[in-house]
Amino acid sequence: MPFLDRIQRWADDRPDETAVVVAGTHLTWSELRDRAAARLPSVPAVTVLSEHNSVRFAVAFAAAVAGERQCAVLDPTWPQQLQDAIAARIARSSPDPKVLPGTGLTDGPPGASFLIGLTSGTTSVPKAFTRSRQSWQESFDASIEFFGLRQDDKTLAPGPLAGSLNLYALAECLYAGAEFHTLEHFDVGAAHAAVRHDGITRLVLVPSMLRLLSERGLAGGVDASGIRSIICAGSKLDARTLEAARRWAPNATLFEYYGASELSFVSGAGLRPGEPAEPGGTAIGRPFPGVELRILDDDGRELPDGSDGNICVRSAMVSNGYLWGDDGHALRCFDGWYTVGDQGFRSGETLHMLGRRSDMIITAGTNVYPHEVEMALASVPGVAAAVAAGRRDDLRGKRVVAAVVPSHGGITATALRAGIEDVLARNKRPLEYFALTELPLTDRGKISRQLLLDWMDQNDPRIRRLG
């Protein structure tokens, strides 16, 4: 039971109350139920849904997972050639499930797959995995408890519904009977208008969006005192974003969590109003409800507290595995304990996140994860953002280098060295520092450490060395 039985319930109990709002267009619970049910006769066993944010998306998604149907949600901004290749693979790889008869919205068996998830891809076909209805129900129950989602909450997730963060937020609200809001596309002014006029109490977004909303909201006098919770995913909050968010939404609990599409939720923490934050830390909270957590080596042996290894989980929220793209390392299983290769360590019940092993820098025999360097630098006053990487070095193999975007005015290498002295071990500190006019981003908006190194080698005007 992902959420269709719940839609029926809310439509019976509260037919005229708002369920979904997209860019000012409202859809009540009864309208959502009736429109989705009306689509069912023409909905195939497997739907490939590629659509920008709209109330149509919510209706189409609800219909596409009814009975034993399955749905793959594609990013509509992906090139058409890539979308066609994914659709063809899905047609070849997916079993043809039995479609339950009738026109009503009915949830299929709990163990049956209903969602075909896709890792983000640009030039190559992304990996595809499946999730069961039961895994999402378990996820809903865990996240509703952890984040404290209430029926009277109004959630704004301003990103694309094709993204897993926002798709899950939509489904979670449908399950909980809470009002869900989004925008046609991310726009600071439109998001502020929703906060001002729609009574938004809850935000679900990535840190870059939160920083923009918070800083411009403070500058423009946008009142966010009614926001009770902010859920951030994608990366830990840097000091500047955290400070701005706490000033803009002073009554909100700020939640950060670690998870993966294939694993669902793993661990998280909530920072309540006025509660002090740990600067430059790698801690990412305690396990979610229903999640067991271990740090295992590559042979599946459990490691003691403080030792780096594979972050492994055992929970009912883990996906079913891949339809295609499984190289044997993307999702590994050690006797019921699953990992996507992220590295970390435990300190008591607290998980510390270090990053992907493929990002690790080996310098003079020391393993350094860029993430821990970046979090340390992000805690230094005057740093808006930081990126670390490993640059070739004939003596050390690689040396740690870092670049920062100053938050205001200038910043010096001396100030950066002093700022991380008590946060980062000496053998993990950068040997070179650079200032950036902008972050090195891919065309999908993700940090590219290779692009940073290219800028250094090419003396790109967007980067300059700090003495």
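Which residues of helix 9 (residues 239-248) are buried? The close-ups below start there. This is a predicted model, in which local features need pLDDT of at least 70, side-chain atom pairs count only at pLDDT 80 or more, and totals for chains, interfaces and linings use all residues. Residues are numbered from 1 along each chain as its sequence is written, and side-chain values use heavy atoms, with hydrogens and water left out.

**View 1. Helix 9 and what it packs against.** The buried residues here are Thr241, Leu242, Ala244, Ala245 and Trp248. Buried means under 20% relative accessible area, exposed means over 50%, and partly exposed is in between (1.4 Å probe, protein chains only). Helices (H or I, at least four residues) and strands (E, at least two) are DSSP runs, numbered from the N terminus. Packed against the buried residues of helix 9 are helix 7 (188-197), helix 8 (207-220), strand 9 (202-205), strand 11 (253-260) and strand 12. Contact, here and below, means heavy atoms within 4.5 Å.

**View 2. The two sides of helix 1.** Leu4, Arg6, Ile7, Trp10 and Ala11 are the buried residues of helix 1. Why do they sit on the same side of helix 1? Because they cover an arc of only 150° around the axis, the arc being that of the directions from the helix axis to the C-beta atoms. An α-helix has 3.6 residues a turn, so residues three or four places apart point the same way. Turn to the face away from the buried side and you find the exposed residues Asp12 and Asp13. The cover over the buried residues of helix 1 includes helix 2 (29-39), helix 3 (55-64) and helix 6.

**View 3. Helix 1 crossing helix 6.** The axes of helix 1 (residues 4-13) and helix 6 (residues 164-176) come within 7 Å and cross at roughly 50°. That makes helix 1 oblique to helix 6. Axes are lines fitted to C-alpha atoms, for helices over the stretch in contact, and angles run from 0 to 180 degrees between N-to-C directions. Angles under 35 degrees count as roughly parallel, over 145 as roughly antiparallel, 65 to 115 as roughly perpendicular, and the rest as oblique. On the helix 1 side, Arg6, Ile7 and Trp10 meet Leu174, Tyr175 and Ala176 of helix 6. Sorted by class, this contact has five nonpolar, no polar and one charged residues. For that sorting, Ala, Val, Leu, Ile, Met, Phe, Trp, Tyr, Cys and Pro count as nonpolar, Asp, Glu, Lys and Arg as charged, and the others, Gly among them, as polar.

**View 4. Inside the largest nonpolar core.** Out of its 78 residues, Phe3, Val20, Leu32, Phe61, Val73, Trp136 and Tyr258 touch the most other members. Helix 6 gives the most to this core, with 10 residues. A nonpolar core is a set of buried Ala, Val, Leu, Ile, Met, Phe, Trp, Tyr and Cys residues joined through side-chain atoms within 4.5 Å. Take Val20: leaving aside neighbours within four places in sequence, its contacts are Thr25, His26, Leu27, Ala58, Leu170, Leu174 and Phe180. Another core, of 25 residues, lies apart from the largest one, and Ala194, Ile200, Ala252 and Leu254 are among its members.

View 5. Gly281 is in the loop between strand 12 (264-271) and strand 13 (286-287). With neighbours within four places in sequence left aside, Leu424 is in contact with Glu372, Val373, Ala376 and Arg429.

**View 6. Positive phi at Asp335 and Asn459.** Asp335 is not a glycine, yet has a positive phi of about 50°. Look for Asp335 in the loop between strand 17 (332-334) and strand 18 (337-339), exposed with a relative accessible area of 77%. Asn459, not a glycine either, has a positive phi of about 50°. Asn459 lies in the loop between helix 12 (449-458) and strand 26 (463-466) and counts as exposed at 67% relative accessibility.
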